[in-house]
Amino acid sequence: MHIPDGYLSPATCGTLYVASAPFWYIALRKVQRLLSTRLVPLIAVFAAFSFVVMMFNLPLPGGTTGHAVGMGIATIVLGPWGSMLAISVALLIQALFFGDGGVTAFGANCFNMAIVGSLVAYAVYRLVAGRAALTSSRRVVAAALAGYLAINAAALIAAVEFGLQPLLFTDASGAPLYAPYPLHIAIPAMMIGHLTFAGLAELIVSAGLVAYLQRTDPALLKLTAPGVANSEDGVREVARKGGWSVTRPLWVGLAVLMIATPLGLLAAGTAWGEWGPSDFADPALRAQITSASGASAPAVAPAGLERLATVWTAPLPDYAPPFMQSEVFGYMMSALLGVGLIIAVTLLLSWLLRRNQQNDPSLPEPGSAHLL
Amino acid sequence: MLQSTSEAPLVHPKSKRKRRQGFIERTVRSLADVLEQALFAEEVAKADGLLQSIDPRVKVVGLLLLVVATASAHSLSIILALFALALALALLSHVPIRRLATRVWIGVLFFTGSIALPAIFITPGVALVHVPLLHWPITAQGIKAALYLLTRVETATTLSVLLVLCTPWNQVLKALRVLRVPVVFVVILGMTYRYIFVLLQTAADMFESRQSRLVGRLDGQEQRRLAAASVGVLLGKSLQLSSDIYLAMLARGYRGEVYTLDDFKAQPRDWLALGGFVIVALFAFWFGR
């Protein structure tokens, strides 16, 4: 999951730095306003905590062990913005001091794990936990799901980033310059590992920790359970201070990203090498492949391609809806659709949560939308 | 945490062979590994070598430029040339090559190598030979793709490892200010790095003491409960630690203002080194297009 340098092109890395920047900016602004509180040491120590937890070998069913990232726990205890900072700091230390994850890919790693991971974990946790009591077992289930889905969302985004590389970046001979596998291989390859081992590790840590805190110190769960109990801790302020003025850079950043992504993609070139097994049988397509490759195309599809092509059937066949002529455009839309879906679901959830709270007069903080 | 050790069966009577390492031993080992790695880095950073004598800001900017050049190069020979440069820098900075080979190169070779290997067969392109029996084609493009990935990751990782091996960590953090990293972030980063070692030690102590009281074997359920409880206890200790730190900061006059001591002074040789880094990076950008 920690993407090293060299797997992603500088263009992709740059795009993801740009995508992460507004989130960091907001999170830091929230921290800066609360600089005199205990928040600075809290985030620092929590980042150290996530780092140490990443070193734990967690026992999984079946006798193997796995590592967790800790975004589920961090989000539940610190809220999404605090968690973004804490996980980013932990990732930076891993990249800089322990060579785990690349320096150029740091933006990508933060986007996948710290930002998307925290947001997904937060949305799922709030949605499933509802207004259950702090010690309710529903919160354990919510935490389990939050951890599991968060790490899988992060893995899916990483897989999309990998899968776009061979489409966009090849050398003159057509050899992929960075991660060599197209989407239909990258996505199943990443997801199999994360839907099983890594997902389970995250699930065990999140659920186990919430269950443990319910027994020992339920007050720590208050931050992400507004309306269930009141907390006077200054930390809570971080998550509470929402509103347009703080989130404006986020919207601007998203707009920039939406414009920058297609530009970067369009500048990169054509989809050499993205042939399906059936393309090798079609004479017209064979001629196309020949002219693009500068060598004759094999009469039958390469055996490996034939076999692997059936492993995964994408929800958007060939990534290009039929009404779109340009294949690159279709790919791009498919990738953006995925990101857009996540953002849309997150926004919808935060809106639902806000509305829920406003309908309930017993709650002290009607406008406290934590997410945005 | 103390429960049920007495109920667990004693060492399995039949099994005379060495028991498979449990998760407690493995965790203790990976925790110790991190500590050892950090200590080693501090040792090397104290040595009297080329990179150690350069201003940290120049090192951060220069080595990052080289990493970006490695990531941007579209030519294998340029990537290999940058690898040779990294090797030369390591030699001139008295970084033990053996250690670099075992910790960085072989690790990357196994991890990225296993990822890159299938690309030799699946990347479409001109088939050079077919694997006997399986009839998988080995394509020129596939070999190139695998080589691109492997050499790029090896080179970039070596360059970024050199930065931290040849610079004390507090100087790396201060030098990040040159890259316009916000001062709050640098302060949080510094505190995090400091307390990682406190928590690593705490976690290692917890697991070691548990291990020393453990007779027999824990079943999966029990292991998972123990792991979650350890994470929870560690969280409790972390939070306690953070409020202790906050009180200590207040006691020393902390009022929400953050300063770092930027006391670097660039010498002529630092400018020379910066010029060298920039020229090499530009060269790599130009010829590696």
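Biologist: Where does B:D48 lie?
Modeller: B:D48 sits in the loop between α1 (23-46) and α2 (56-72) of chain B. Helices here are DSSP runs of H or I with at least four residues, and strands are E runs of at least two, numbered from the N terminus. This is a predicted model, where local features need pLDDT of at least 70, side-chain atom pairs count only at pLDDT 80 or more, and totals for chains, interfaces and linings use all residues. Residues are numbered from 1 along each chain as its sequence is written, and chains are lettered from A and ligands numbered from 1 in the order in which they are written.

Biologist: Why is B:D48 called exposed?
Modeller: Count the other C-beta atoms, placed from the backbone, within 10 Å: 20 or more is buried, 12 or fewer is exposed, and in between is partly exposed. B:D48 has 8, so B:D48 is exposed. Its C-alpha atom is 9.5 Å from that of B:L92, 44 residues apart along the chain.

Biologist: What does B:V104 touch?
Modeller: Leaving out residues up to four places away in sequence, B:V104 touches A:G99, B:T157, B:T158 and B:V161. Contact means C-beta atoms within 7 Å, again placed from the backbone.

Biologist: What makes α4(A) roughly antiparallel to α5(A)?
Modeller: Helix α4 (residues 106-129) of chain A and α5(A) pack at about 150°, with axes 7 Å apart. Over 145 degrees counts as roughly antiparallel, under 35 as roughly parallel, 65 to 115 as roughly perpendicular, and the rest as oblique. So α4(A) is roughly antiparallel to α5(A). The residues of their contact divide into 21 nonpolar, 3 polar and 3 charged.

Biologist: Which residues touch the most other members of the largest nonpolar core?
Modeller: A:I43 and B:L162 do, in a core of 188 residues. Helix α5 (residues 137-168) of chain A gives the largest share of this core, 20 residues. Such a core is a set of buried Ala, Val, Leu, Ile, Met, Phe, Trp, Tyr and Cys residues joined through C-beta atoms within 7 Å.

Biologist: How many residues bring chain A into contact with chain B?
Modeller: 69 residues of chain A contact 75 residues of chain B. α2(A) gives the most to chain A's side, with 14 residues.

Note on methods. Axes fitted to C-alpha atoms, helices over the stretch in contact; angles between N-to-C directions. Nonpolar A, V, L, I, M, F, W, Y, C, P; charged D, E, K, R; others polar. Contact = placed C-beta atoms within 7 Å.
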